[in-house]
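Student: I have a structure open on my screen. Please show me how to read it.

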Amino acid sequence: MEKIAALRCVECGKAFREDEAMYTCPSCGTRPDGGWGILDVEYDYERQARLFHKDHLQRAERNIWRYLPILPLADNAKLPSLQIGWTPIMEFPELARRWGIANLYLKDDGRLPTGSFKDRASAVGTAKAVELGFDTICCASTGNAASSLAGFSANLGLRSYIFVPAHAPEGKVAQLRIFKSNVLLVEGTYDEAYYLCQEAAEAFGWYNRNCAINPYLIEGKKTAGLEAAEQMAGKIPDWVSVAVGDGCTIAGIWKGFVEMKRFGIIDKLPRLLGVQAEGAQPIFEAFHAGDETVRPRRPETLADSIAVGQPRNQTKALRAIRESGGAMVAVSDEEILSAMYELAQKTGVFGEPAGVTGIAGLLRAITDETVKSTETVLHIVSGNGLKDVRSAQRACPDARRINVSLDDVRAIVAADGPRPA
Ligand SMILES: [Zn+2]
């Protein structure tokens, strides 16, 4: 494909042609000591600048395919017919004032077709599988990537095999089943499910959609950065807060912003605030140790979408956060649940635990003055709260049960007192 200049290894820096490397760097391979040979797609930007400019964007449809000139798919690729992308960015100045910052913006990716940010990656991944001639695609996922892959496979008529940790939230597993994916609930962690999926892909010749190793998936994720940059051109926020599990999402969002600056659509870049759950914080630790080495461990957090003990995109993530002049914080599960309730009740946006982890991290960063009172922040809500109803129920008080009696209502209204100002 002419628009792709190279697939470049983030570890050894070697460049490969598309037909030389399917997933990871053939020289580095994947080593459990932290060198994963992750590849980055480099475009012929000079060539693509003839196709990708302000006029093109003015004419293009409001979905992720407006970015096709800088996505790793053929110009005539068979694309999913689901509506993907151009999710709204909403502004909450009053809540920002209450929290002590200049402004707060939310981009709600919980509105994507299967309810999560992962739809951006699955859209590109499934289209790539079709382009490469595969009829079966697989992935290992903590939940959202799986439900998303299942939905997009249904849309494009691909067969899918999905490896999910057996403890994945019910809402997500229900999605897999309704889309008639071949669901395999693995009695193990995400990391164990991941290796099993990789072995199966090799054994049966399936296309492996795992974002961690598939270089094209992050290109789908980058559309969130491309979109946010375009939607906020002229008022680029000082910070973008993003929950971090594997590291692929934050790196993708950063790549999107950087490309929009390269093409002259924006003239300023935000700083990244990476947020991990305390029970799964290897990238946070590497950031503060000042290197790119992660120490894997068994993840323990209710934010299942970022419960990754052995990240594979730490190099891309750490470089993105450092390049942006950003920061990393880690938050407890209690802070995540509290952010979930606080955000929903003050904005009407209901995010799943990982989808609001960036908000918990933002509150922490405001307290320790990493984010200043004069600064603006964009948070990308990466998943819909209905995907994990159990966590939502833990986040808020029980509903009150009454008899069919106005007196019961009266007693409650009296106990509640006047509406707070
Ligand atoms: Zn390499």
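This is a predicted model: local features need pLDDT of at least 70, side-chain atom pairs count only at pLDDT 80 or more; totals for chains, interfaces and linings use all residues.

Student: Which domains does the assignment give?

Tutor: The assignment gives domain 1 (1-50) and domain 2 (89-113 + 216-395). Their centres, taken over C-alpha atoms, are 26 Å apart.

Student: How many residues of domain 1 are in contact with domain 2?

Tutor: 8 residues of domain 1 contact 10 residues of domain 2. On the domain 1 side, 6 are nonpolar, 1 is polar and 1 is charged.

Student: Which residues touch the most other members of the largest nonpolar core?

Tutor: That core has 125 residues, and Ile162, Val242, Ile250, Leu273, Ile306 and Ile336 touch the most other members. Both domain 1 and domain 2 give residues to this core, so it lies between them. Now pick Ile250. Leave aside its neighbours within four places in sequence, and its contacts include Val242, Leu272 and Ile321.

Student: Now the strand. What should I know about side chains first?

Tutor: In a regular strand, side chains alternate between the two faces of the sheet. Here, look at strand β7 (residues 159-165). 6 of its 7 residues are buried, so β7 is largely enclosed by the rest of the structure.

Student: Which strands pair with β7?

Tutor: Strand β6 (residues 136-140) pairs with β7 in the parallel sense, over 5 bridges. There, Cys139 stands opposite Ile162. Strand β8 (residues 182-186) also runs parallel to β7, joined by 5 bridges. In that pair, Tyr161 faces Asn182.

Student: How does the chain cross from β7 to β8?

Tutor: It passes through helix α6 (residues 170-178), and this β-α-β crossover is right-handed.

Key: Residues are numbered from 1 along each chain as its sequence is written. A nonpolar core is a set of buried Ala, Val, Leu, Ile, Met, Phe, Trp, Tyr and Cys residues joined through C-beta atoms within 7 Å. A residue is buried if 20 or more other C-beta atoms lie within 10 Å of its own, exposed if 12 or fewer, and partly exposed in between; C-beta atoms are placed from the backbone. Domain bounds come from an automatic or database domain assignment. Two residues are in contact if their C-beta atoms, placed from the backbone, lie within 7 Å. Ala, Val, Leu, Ile, Met, Phe, Trp, Tyr, Cys and Pro count as nonpolar, Asp, Glu, Lys and Arg as charged, and the others, Gly among them, as polar. Helices (H or I, at least four residues) and strands (E, at least two) are DSSP runs, numbered from the N terminus. Two strands pair if DSSP finds at least two bridges between them. A crossover is right-handed if, with the strands pointing away from the viewer, the path from the first strand over the helix to the second runs clockwise.
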